[in-house]
Amino acid sequence: MSSSSPSSSDQSGNPSPQPPAPAGLRPGAGPAAWPRRRCRDVFWLVVFLLHLLVFGGALALAGLNRFRVADRFNIDRYANHTAAPPSAAVAPPGSDVGVSKEKALPPELTETYWKYYGAAGAVGTLLAWSWLAAAAGKKDGGRVLMRAAVHSLTAYLAVISVLCFWGNHSFWGVALAVGAALHFLYVMSVIDRFPFTMLVLQKAIKMVWELPDVMRVAYAFVLVMLCWMALWSFGVSGIVAMPIPNCGQWWLVLALSVSLFWTGAVLSNTVHVIVSGMVFLVLIHGGQAAASMPPKPLLKSLQYAVTTSFGSICYGSLFTAAIRTLRWEIRGVRSKIGNNECLLCCVDFFFHIVETLVRFFNKYAYVQIAVNGQSFNRSARDAWELFQSTGIEALIAYDCSGAVLLMSTILGGLITGTCTGVWTYFTQRDKAIMVGSTSMLIGMILVGLAVVVVESAVTSIYICYAEDPLLIQRWDPEFFEQMSEALHQRLQYRSSRARQILNGRLDHLPDTSSI
């Protein structure tokens, strides 16, 4: 599946067939052998493991410092730089001068806040497993959940914004209100793409529904993530309980949240590699029970994902999500600009920058990593060149499945954060926003581990369609016809739009006929 032999598009817009599988995995008379692989992107693997070691130690220290005993390791003296020096705190006998109001209150401990994060983990796990059960138990169950996420996210954000204003948290109220408005505008700008998007998601769920083993992998990785979250929430609870100035607490929690996000993205993309590799092999070989199927495909995919390809997963997890989200927003704005040449020029400038980044950081690299074991940048570049050489990139740009799945993830996080934040508000009112926002991140990561199963199937379907459309035709002939028709329409639209822009620019050229 290398870009060295790209397929070409015929006149109907359908890519011509290409050899679909790498050496060692092509269908044959007997079972295919797994090729030997070597570790890729080892530097980022070492960075990620060191990050786990350093942050894990810091989290354990912060949590133990206030677990059952306040300031066990005497860390508070370094944390509270605004405290008065010891000489100034000395007061004459019988005097109330120098005695702070905080000392009259019982000290906050790690377990004061750990219970809230425990509830967040329980709610997030319940939502994640419910999402997986809906996708696995009924063919249209996951599609119903995604439709609900698209239509209810704006309203939910608006309701949470009102609650923040009611609780005198104006900054968060404004931020959530702006988020609700942006989400509404984005949905309105791409609403014409939703029929095709829901078709792709429905077929991806059908593929996952036919592979129950990959669902068990997602269930297991949710449990693995919960184990790390137990340590993370233990340390964060200790930090929230420390008498640090509020701004300092936010900066510490932000740094730990970035660490948690990277860890969650690594586990999520590990599932992505496992599932996409499995789906790719099933489509290539014509079924899980095919005689040409490599032995123990799921176990081998898992083995490669957590060994030779783990460094590439760690590397890609740092940048892919942010670049992909930025690309969706720019595409949504760009499609609604119209004939405003000045605004179109500015947006195109940012669009081309993001497109250059997408060439080296995209989610389709994980399919190449799963099948070929290449480095992340080479996998991303090969996948993008394959899409551009076949014209499939026009179809991918039209598809909003990634954005819809992200809406499901955000909604799951908001529900988790709301449940925890409301509970905290009635018991520890001053820490409700901090606990609620970090609980939202916990919920998003846990639900994301469930949603990525469907996203992996989507990426594998596009890669297989670009490699050899007959693979999709053999799996689902009706879906093949629908994809081919959609691709033909998108290529025609791009051609007519390019012709319109060219004619508009030619009209603005000076008339040289009199010279």
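Are Asp476 and Lys206 buried or exposed? Both are buried, meaning under 20% relative accessible area, where exposed is over 50% and partly exposed lies in between (1.4 Å probe, protein chains only). The model is predicted: local features need pLDDT of at least 70, side-chain atom pairs count only at pLDDT 80 or more, and totals for chains, interfaces and linings use all residues. Residues are numbered from 1 along each chain as its sequence is written, and side-chain values use heavy atoms, with hydrogens and water left out.

**Figure 1. Overall fold.** The protein has 18 helices and zero strands. Helices (H or I, at least four residues) and strands (E, at least two) are DSSP runs, numbered from the N terminus. Of the 515 residues, 51% are buried. Contact means heavy atoms within 4.5 Å. Among contacts between residues at least 6 apart in sequence, 80% join residues at least 24 apart.

**Figure 2. Salt bridges at Asp476.** A salt bridge is a side-chain nitrogen of Lys or Arg within 4 Å of a carboxyl oxygen of Asp or Glu. Lys203, Lys206 and Asp476 are linked in a network of such bridges. Asp476 pairs with Lys203, the closest N and O atoms being 3.1 Å apart. Asp476 lies in the loop between helix H17 (469-475) and helix H18 (477-507), and Lys203 in helix H6 (residues 194-209), so this pair ties together parts 273 residues apart in sequence. Lys203 is buried, as is Asp476. Asp476 also bridges to Lys206, with the closest N and O atoms 3.0 Å apart. Lys206 is in H6 too, so this second pair ties together parts 270 residues apart in sequence.

Figure 3. The side chains of Arg216 and Asp213 meet at 2.3 Å, N to O. They are three residues apart in helix H7 (residues 212-241), so about one helical turn separates them. Arg216 is exposed, at 52% relative accessible area. Asp213 is partly exposed, at 30%.

Figure 4. Leaving aside neighbours within four places in sequence, Val214 contacts Val208, Val275, Met278, Leu298 and Val453.
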